[in-house]
Amino acid sequence: MNMKDIIKRNRELQASLNTHNEKVYENMVVYIRLNSLSERATEETLLEILEHLVIGQQNGKMAEEIFGSDLKAYCDDVLVNLPKETKALQL
């Protein structure tokens, strides 16, 4: 999946979120994007998070029930596991 497809899929899934979960997800997106170095890995990971959130929501769960009550800590764990891009990879 290329970046354009990832972004398109993200928009489609995000439209299915309820108001609360959408706000939580948007906050997670901002935090992760601002603190990440790898654009592609970030977008792929955000799509995975969104997919989990949509599935959880379909089962009647809210974001905190899926990711835990400390969303910052969850996002920090995500960031630790994202690869760090080098200049050579960014070309």
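By cover I mean contact, that is, heavy atoms within 4.5 Å. Helices here are DSSP runs of H or I with at least four residues, strands are runs of E with at least two, and both are numbered from the N terminus.

Before going on, I noted that this is a predicted model, in which local features need pLDDT of at least 70 and side-chain atom pairs count only at pLDDT 80 or more, while totals for chains, interfaces and linings use all residues. Residues are numbered from 1 along each chain as its sequence is written, and side-chain values use heavy atoms, with hydrogens and water left out.

I looked up which residues of α5 (residues 71-81) are buried, and got L71, C75, V78 and L79. Buried is under 20% relative accessible area, exposed is over 50%, and partly exposed is in between (1.4 Å probe, protein chains only). Viewed down the α5 axis, the buried residues fall within an arc of 100°, so they line one face of the helix. That arc is taken from the directions from the helix axis to the C-beta atoms. D77, V80 and N81 sit on the other side of α5 and are exposed.

**Entry: the aromatic pair**

How many aromatic pairs does the count come to? I get 1. The rule takes rings of Phe, Tyr and Trp (its six-membered ring) with centres within 6.5 Å; planes under 30 degrees apart are stacked, over 60 edge-to-face, and the rest tilted. The pair is F67 with Y74: the ring centres are 4.8 Å apart and the planes are at 50°, so I filed the pair as tilted. F67 is buried at 8% relative accessible area, whereas Y74 is partly exposed at 25%.

**Entry: salt bridges**

I found 4 salt bridges in the structure, using a side-chain nitrogen of Lys or Arg within 4 Å of a carboxyl oxygen of Asp or Glu. I wrote up three of them, as follows.

R33 and E43 have an N to O distance of 2.9 Å. R33 is in helix α2 (residues 19-35) and E43 in helix α3 (residues 39-58), so this bridge ties together parts that are 10 residues apart in sequence.

R40 is partly exposed at 33% relative accessible area, and E44 is partly exposed at 31%.

R9 and E12 make a bridge with their closest N and O atoms 3.7 Å apart. I see both in helix α1 (residues 3-14), 3 residues apart, or about one helical turn. Partly exposed is the label for R9 at 34% and for E12 at 43%. As a reminder to myself, an α-helix has 3.6 residues a turn, so residues three or four places apart point the same way.

Next I looked up L50, which lies in helix α3. Is L50 buried or exposed? L50 is buried, with a relative accessible area of 0%. Apart from neighbours within four places in sequence, L50 has contacts with N10, L13, Q14, L17 and Y25. I also checked L50 against G68: 18 residues apart in sequence, and 15 Å from C-alpha to C-alpha.

Q14 belongs to helix α1 and is buried too, at 16%. With the neighbours within four places left out, Q14 touches E22, Y25, E26 and L50.

**Entry: the chain as a whole**

I count 6 helices and 0 strands. The chain's radius of gyration is 13 Å, close to the 12 Å of the globule rule for 91 residues, so it is as compact as a globular protein of that length. That radius is over C-alpha atoms, and the rule is 2.2 Å times the number of residues to the power 0.38. The C-alpha trace spans about 45 × 30 × 15 Å along its principal axes.

Of the 91 residues, 35% count as buried. For contacts between residues at least 6 apart in sequence, I noted that 73% join residues at least 24 apart. The chain exposes about 6,000 Å², with carbon and sulfur atoms supplying 53% of that; the areas come from the Shrake-Rupley method with a 1.4 Å probe, and for residues only the protein chains shown count as cover.
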